[in-house]
Amino acid sequence: MIPLSWFLILSAGLFSIGLFGVLSRKNAIAILLGVELMLNAVNINLVSFWRYGNIADMAGQVFAIIVFAVAAAEVAVGLALVISVYRQRRTVIADDLDMMKW
Amino acid sequence: MNLWADPVNLAARWMAGLLDGWGTPAWLSTLLIQLVGVVLLVSVMMVVDILLVWVERKVVARFQDRLGPNRLGPFGIIQPFADIIKLLIKEDITPHGADRVIYNLAPILSLMSVLLLWAIVPLAPVIFGVDLNVGALYIIATGAIGTLAIIMAGWASNNKYALIGAFRQVAVLVSFEVPMIATMLIPTILAGSMGMNAIIQAQDVWYVVLAPLAAIIFMIAAIAELGRSPFDLNEAESEIVAGFHIEYTGMKFGLFYAGELLHAFTFGGFWAILFFGGYRLFGLEQLGPLVAAVILLGKALFGYWIIMWVRYTMMRVRIDRMLAFSWKFLTPLAFALLLATALVNTLLRDASALIHAGGMLLTNVVAGAIVVQILRRFGNRERARIRPSARSVPAGQ
Amino acid sequence: MNGTQLVFLGVGAVILISALLVVTTRNLIHAALWLIVTLFGVAILYALLNAGFLAVVQVVIYIGAIAILFIFAVMLTRKELRDRGPQLNPAWWLSAIVAALTFGGLVWMLQGWSGLTRSAGEIPPGFDAVGALGNALIAPNAFVLPFEVASVLLLAALIGAVYVAFTRK
Amino acid sequence: MTTETLIWLIPLPPLLAFFLIILLTNRNKTLSHTIALGAVLAAWVGAMVVFVRALGIQELANEPFASAVKWIPTADTWLKVGVLVDPLAAIGLFFVAWTVLMIFVYSVGYHNFGQPPGDHDVPGLPPHGAMIECGGHKHMVPSVEPMYSRFFAFISLFAFGMFTLVISDNLLTLFVGWEIMGLCSYLLIGFWYAKPSARDAGVKAFMTTRVGDVFMLLGIAFVYSATGTLSFHEIFEPQVLHTLASVPTPILGLSAAGLIGLLLFIGTIGKSAQFPLHVWLPDAMEGPTPVSAMIHAATMVSAGVFMVVRIFPLLSLDPRTMAVVGFVGAFTALFAATIAVAQNDIKRVLAYSTISQLGYMIAALGAGAYVAAAFHLVTHAFFKALLFLGSGSVIHGMEHGVLHTGKHTDAQDMFNMGGLRRKMPITYWTFLIGGLALSGFPLVTAGFWSKDEILASTFGGHMAVFVTLAIAAFLTAFYTMRQITLTFLGDPRTDAAAHAQESVWTMTLPLVVLSVFAVGIGWVGIPAHFPGIGGIVPNWFHHFAGSMLGELHEVEFNWIPLATSLVVALGGLLVGWLAYRNVKSPAQDALQIPILKHKWYIDEIYSALLIKPSIWIAETLVYQIMDKGLIDGFLHLFGKGTAAIGSGLRNIIDKPVINGFFGDGTANAVQGVGRNLRPMQTGRIQQYMVVSLLIMLVLAGLAYFMLMKV
């Protein structure tokens, strides 16, 4: 059978890749893609802990579902923001959106 | 256990024994067996699909007061094969600037999404790919893949019309998925399970009796998701030449076409499963799995016929009207029905089947009456807004 | 080494590779599509973990809604259909180091943990995960409150998104 | 419900009513008086239940109903407050509950509830009456009191104070109730605050009683410092009393007990309007009549006596204190009586008679006649309340007449009355009963028994007191008869009197009830060996109240005091009737001699001795010279000095050092730092994330090494 470590390491890798995407991509949408990857990594952890822990305790799956909801909300609002920013400033490059600097 | 009572499992067991005889490891043999089953199912469906081409063309002809294909074979039954040959031998064009991989992937996905649906269709109590306990959700999921295919096609074609078609498809899907899920949940509530088989087994009384409105809404949403007229905005010929598959030629287009037809047929099947008792018909299914399968396919054909009927008799709707129709009318209605059903079902749980059915029907009738009233008001207001001189339509017309 | 493990390894490889492509491909549409592949892989992982419901929900929500929204947004936010120029920040190597450090740290922490190599317990016969999940979501002594809060969050997100993206005429 | 709990609950309803009316129902007259009456009725029920249960207990004096709670933590003990119902408190509860209830009922009628609001009535003035249209012709009718609800709120608060005082088991809560009543008395005397006379009367009453209260507070403090407790039965422990009696004090060589008794007694002098501090009571008649009846006849002024009775064991330790008490009481009795004979205002006569009757009780206490004093306290409460209410009814009737005739006649001057017995029979008969009780008409009236007991008990040792009281009794009978004659008998001397009419039932009913008590209450205290009827009714009161003191000495019967009381009572009544049978105007009144009319010029003397000097001190000495000259001068000087110092400091230290260095310097420094750090803020969110993550990872690694490796 598959040991728990496989899942965990896999999700760790996925998480790091997502993190890299978030930190390094220029395009705001791409950053959101990275965020999605990270969320999925987290979900893998949750579900595998559910499976490998007490199976009658549904906390893991419930958390996963709530992560789904959060992800959906985050994407909806985030993309809406991106789109409205694009309308305002004709760009979605994160580094060009630095009105907050000195 | 004989061939008549349970052909599939019999064959599977026979094959397993055979493979063991050859000394294949267990997991490999299971894998192979399932593979064979899938191939079998898919090929059967493709054959059905080919027949559907013919059916569609004949029915269109009848609707449009023509004869339709009638040269090749009896009633032109051979015509589809001719079509397939034609498609196969046509030039396969990939437009310049197209995203080659995605462009070629799209038609496959689109057909795949349809075929995936058949994995959970129980042709008979013992003939089914897999009895998912989340079947209803599975339908939506595969629908999502279909949409994905259309978007890929639209985007990869590097063509404005195609892109517009894809956009429309996404908008339609996102907005019509909601009432569809809501109405799918009504049989789920009544049967207490999402599994297709369980739903069918629970339908001693067809759910079209218990929830006619839900059936209607489901059908409308299905048509919208299929992208067939009057909701065929993703390929509205007169506006955006052929929508997402404008650039496709030869067998790729053929795949889209086949996918579309089979999709319609499949949704007819699901309509039958969810609301018309699936393979059950007055105990006839007891005669044997094959009879049951025939019954189901017949019902699916009936649903398909309804879809065609709607398709060839309705005008195309404007996109904004369509979305408004979904968000402002279907979705609230579907959710209201969902609530009412849940409530009544809980109230009448312990009542006799007759009372239960009566209560359900009554709920639906009342809801329907209210809906009709609302629609009349709205229609009259619209008329008054557009043509103040127009007289409002009195009740009963 | 048996079937499931093979499946897992394959799926894992697909996931990681497609994820890497998500964060590196120049073409955003491709990135989104690769994301979809990743999500499929994750869904299969769920299935391996006997969480069928989550697998299907993963497909419905992530692929059916989120990924398509991404593609939508990508298409809406570009002047021409092609992406030119580098898609990574000039300082991408730094973030690469950070990510690598994170991964290393996580793995290092994990291998220090005792329960790492435990294997899954047997699923008791007749255990209905979906039913249990549903009960857990609406049981007052379980997660009904987070569930409701999540629904409110979704509503707020809906309204907020509409408001933000709305073009004032 | 246990009796103790019930006792705790007795004072609460009136307090509740007070707050309810003040805060909520002030606008609604009906609701207000319903609440007040309901509350006082509840208190009445409670009191009666407690009283009856108290009667049921033998040896109530030795094991009274008592319960106490810890209130204020003192160094090592607790200051406890609690309730105590012994025979005395039971009696107090009895008459307080009855009179208060009666007076509440009476007030409803007295303030013309149900009449239309006046045309130009203003809050703060007595109602002028309303013009109503009736059967074609207009005529004036009494109008309802504008501040009706307010009145009931105040008397409810007063009832709370009185009940608290009666049931309290220690001096402190007793004092609290005492002061609450003082406040209410002030508020109610000045109830019609737009009348200057009422205003001044209120202030006067407050000031004068304050004088007494200060001394009383001193006494209480002394008690606490001497015994470490304020609870009665702890003070009255024999050894405590013994120590108190033996400890000498620097003042006049009095013992501690004597000094304490004296101080507390001064409080009584203030409250019960005894001789030097009696001046406030007559002016207090400016208030509405129910107030005069309740506060200034039945309950509050009795509270003074009640307190003295309470502390009697303490008081009786020192003969000199007793002598003072006796002297003050006797003198007040006679002195007030002499003034009363010359007053023309119907209420003032009663006021002075109240003073003199209180003097009676005090004198009796001074003579050691504890039981007699308590007895007279009760009877007097009833018949004096009756008399006051009667006079109020009379005034009411007269005001009717005044309104009717439209002439401006003083509705309180007895010389404007006459012949009212036909107009207002109920008032007449009840007033007559009250009068006879006051003047001690033999055998039938309560006043006779109590007074006779006092005279009898003073006869033996204290001859002077006995004689004084006898004369006072004669005068009492005399002016009572004078009052009755002038008011009710003869013919109407004015149109107002001619058109007076009987009051409403809410006013007459209390009169009747009280008159029953005024007659009947005496029979519980008939001395056992009184000739003829003695011993028919057991001398219940004597046993009950007397059980408070350990030894119980029934006064041995003697003919002389009996004869004296008979003679003075009957004689006084007869003389009064003969003298005023046909007096038509003040001119024909032989007793209108200035010195009596002006109350022995006490007020004038006070104003000359105290008020004018104090005003002079305040105005000239303190204000002009000290305040303006000295203090202000100093202050101005000081102010200038500080201003100079301040400006100096500002120029030397503040501007250069503080502002220049600390203020601007730090500001510039911060600004410079900010200017140099600014480029860090690139506005690029990913940079922020990278940096923060790096730092976090490094810190995490460090922390891990620190924690694990060490």
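**A kinked helix and its surroundings**

Mentor: Helix α12(B) has a kink of about 35° at B:Leu330, shortly before the proline B:Pro332. The bend at a residue is the angle between axes fitted to the seven residues ending there and the seven starting there; helices are DSSP runs of H or I with at least four residues, numbered from the N terminus. The model is predicted: local features need pLDDT of at least 70 and side-chain atom pairs count only at pLDDT 80 or more, while totals for chains, interfaces and linings use all residues. Residues are numbered from 1 along each chain as its sequence is written, and chains are lettered from A and ligands numbered from 1 in the order in which they are written.

The helix covers residues 319–347 of chain B, 29 residues in all. From first C-alpha to last, α12(B) reaches 40 Å, close to the expected 42 Å (1.5 Å times one less than the number of residues).

Buried positions in α12(B) are B:Met322, B:Ser326, B:Leu330, B:Leu333, B:Ala334, B:Leu337, B:Leu338 and B:Thr341. Buried means 20 or more other C-beta atoms within 10 Å of the residue's own, exposed 12 or fewer, and partly exposed in between, with C-beta atoms placed from the backbone.

For comparison, take α4(C). Its 20 residues should span 28 Å, and the end C-alpha atoms are 28 Å apart, which agrees. C:Trp92, C:Ser95, C:Val98 and C:Ala99 are buried there.

In the interface of chains C and A, 71 residues of chain C are in contact with 59 of chain A (C-beta atoms within 7 Å). α4(C) supplies the largest share of the chain C side, 11 residues. That side divides into 55 nonpolar, 15 polar and one charged. Nonpolar here covers Ala, Val, Leu, Ile, Met, Phe, Trp, Tyr, Cys and Pro; charged is Asp, Glu, Lys and Arg; the others, Gly among them, are polar.

How values were computed
Contact = placed C-beta atoms within 7 Å. Helix = DSSP H or I, 4+ residues; strand = E, 2+ residues; numbered from the N terminus.
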